[in-house]
Amino acid sequence: MALLGAGLEGAGVIVTGAAGGIGEATARALAEAGAQVCALDLPGPALDDLVAALPGRQDHFALPLDLGDTSALDPAVHDAVEHLDRFWGLVHAAAFLQRQSPEEVTEETWDAQLDVNLKATFWLNRAAGELLVARGQGGRIINFTSAAWMTGPMLDSDVYSASKGGVVTMTKGFARRLGAAGITVNAISPGQIETAMQRKQNTPEAMAAVAANCPLGRTGTAAEVAAVAVFLASSHASFVSGATINVSGGLLMY
Ligand SMILES: NC(=O)c1ccc[n+]([C@@H]2O[C@H](COP(=O)([O-])OP(=O)(O)OC[C@H]3O[C@@H](n4cnc5c(N)ncnc54)[C@H](O)[C@@H]3O)[C@@H](O)[C@H]2O)c1
């Protein structure tokens with residue numbers, strides 16, 4: 001048994017943001033560890049291509065969905081779980097970032113970020129938690145925050161950062177509620193990771209400056225974050241809950 005795969009053979013995991021950088025790397029890593037992956041993202045060829053390329057089992061499947069459509073979330077999670085052999089967890093990596101100065105923020109851009117980053121986190125955690133409790137075998141919920149939850153907003157990310165602060169608080173709440181059922185709930189806090197989101201409305205100079213400040217002297221890769229998600233999903237992390245795991249190469253130290 002692969003060290004990081006412990007407990008993941010045959011485990012059914014819903015991964016959101018699966019067509020994005022960290023979500024895709026996590027879906028791949030979970031599939032390599034033997035999990036059955038339900039890959040959720042906006043409809044499109046990127047999602048279909050990812051599912052077709054997943055290693056391991058042959059019954060991974062796509063769940064094309066706009067997480068901004070709150071009323072669709074509960075039915076979608078229930079439907080996905082019916083198609084998973086053994087529902088074990090949720091990795092919620094999807095998020096939306098729109099860099100704007102506070103003066104530029106509109107109700108529309110506020111809602112677009114809060115709906116996906118925070119509201120969907122609540123709806124997905126609640127639905128996954130209920131179904132895992134009903135199954136009675138424990139489970140895992142892994143949310144994604146950002147280093148900005150602690151540092152505060154950088155580069156006009158005030159709205160996004162506020163949503164990510166909420167994710168940390170919400171994760172602790174679900175960890176308390178679900179712990180008695182053997183379900184752990186944690187958040188991963190990536191530093192600067194090389195993905196489309198990091199490059200969006202950013203400059204190579206600004207990214208180089210952050211990398212220079214990082215003790216490891218570089219930007220992280222999606223695979224390095226995915227490895228932590230797989231650890232949290234595995235049996236090795238059975239006594240880790242309510243934590244915000246710092247994966248920033250030392251950029252942030254706590
Ligand atoms: N990359 C970084 O440096 C970094 C830093 C801190 C935190 N994070 C967090 O890590 C997680 C993964 O980020 P990433 O860098 O892989 O981003 P990414 O932009 O590469 O991927 C995000 C994915 O979310 C999906 N998504 C966005 N809106 C959606 C919606 N309405 N419905 C369904 N799917 C939707 C996108 O289609 C995309 O595939 C996010 O929660 C992000 O906030 C990333």
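The following legends describe close-up views of a predicted model.

View 1. In soluble globular proteins, nonpolar side chains tend to be buried together.

**View 2. Surroundings of Leu8.** With residues up to four places away in sequence left out, Leu8 touches Leu30, Ala33, Gly34, Ala35, Trp88, Val230, Ala233 and Ser234.

**View 3. Packing of helices α4 and α6.** Two packed helices are described by the angle between their axes and the distance between the axes. Helix α4 (residues 107–135) packs against helix α6 (residues 158–178) at an angle of about 10 degrees, and their axes are 9 Å apart. Because angles under 35 degrees count as roughly parallel, α4 is described as roughly parallel to α6. The crossing of these two helices is right-handed. On the α4 side, the contact is made by Trp110, Gln113, Leu114, Asn117, Leu118, Thr121, Phe122, Asn125, Arg126, Gly129 and Val133. On the α6 side, Val159, Tyr160, Ser163, Gly166, Val167, Met170, Phe174 and Leu178 take part. By residue class, the contact of α4 with α6 contains 11 nonpolar, seven polar and one charged.

**View 4. Packing of helices α1 and α9.** The axes of α1 and α9 come within 8 Å and cross at roughly 50 degrees. At this angle, α1 is oblique to α9. The crossing of α1 and α9 is right-handed. From α1, the residues Gly21, Ile22, Ala25, Thr26, Ala29 and Leu30 meet Ala222, Ala223, Val225, Ala226, Ala229, Val230 and Ala233 of α9. The contact of α1 with α9 divides into 11 nonpolar residues, two polar and no charged.

**View 5. Ala39 in strand β2.** Ala39 is located in strand β2 and is buried, with a relative accessible area of 0%. Beyond residues up to four places away in sequence, Ala39 touches Val15, Ala18, Leu47, Leu50, Val51, Phe61, Ala62 and Leu63. Asp111 is 72 residues from Ala39 along the chain, and the C-alpha atoms of the two are separated by 24 Å.

**View 6. His60 in the loop between α2 and β3.** His60 is placed in the loop that joins α2 to β3 (61–64). Its relative accessibility of 10% lies under 20%, and His60 therefore counts as buried. Once neighbours within four places in sequence are set aside, His60 is in contact with Ala31, Ala35, Gln36, Val37, Val51, Leu54 and Pro55. His60 and Ala39 are 21 residues apart in sequence, with a C-alpha to C-alpha separation of 7.6 Å.

**View 7. Thr70 in helix α3.** Thr70 belongs to helix α3 (residues 70–83). The relative accessible area of Thr70 is 17%, and the residue is buried. Lys119 and Trp123 are touched by Thr70, with residues up to four places away in sequence not counted.

View 8. Most residues other than glycine have a negative phi, and most peptide bonds are trans. Asp156, although not a glycine, has a positive phi of about 55 degrees. Asp156 lies in the loop between α5 (148–151) and α6 and counts as partly exposed, at 38% relative accessibility. Gln201, likewise not a glycine, has a positive phi of about 50 degrees. Gln201 lies in the loop between α7 (196–199) and α8 (204–213). At 43% relative accessibility, Gln201 also counts as partly exposed.

Methods. Residues numbered from 1 in each chain as written. Predicted model: local features only at pLDDT ≥ 70, side-chain atom pairs only at ≥ 80, totals over all residues. Heavy atoms only, no water. Contact = heavy atoms within 4.5 Å. Axes fitted to C-alpha atoms, helices over the stretch in contact; angles between N-to-C directions. Helix = DSSP H or I, 4+ residues; strand = E, 2+ residues; numbered from the N terminus. Parallel < 35°, antiparallel > 145°, perpendicular 65-115°, else oblique. Left-handed = near helix turned anticlockwise from the far one by under 90°. Nonpolar A, V, L, I, M, F, W, Y, C, P; charged D, E, K, R; others polar. Buried < 20%, exposed > 50% of the residue type's maximum accessible area, 1.4 Å probe, protein only.
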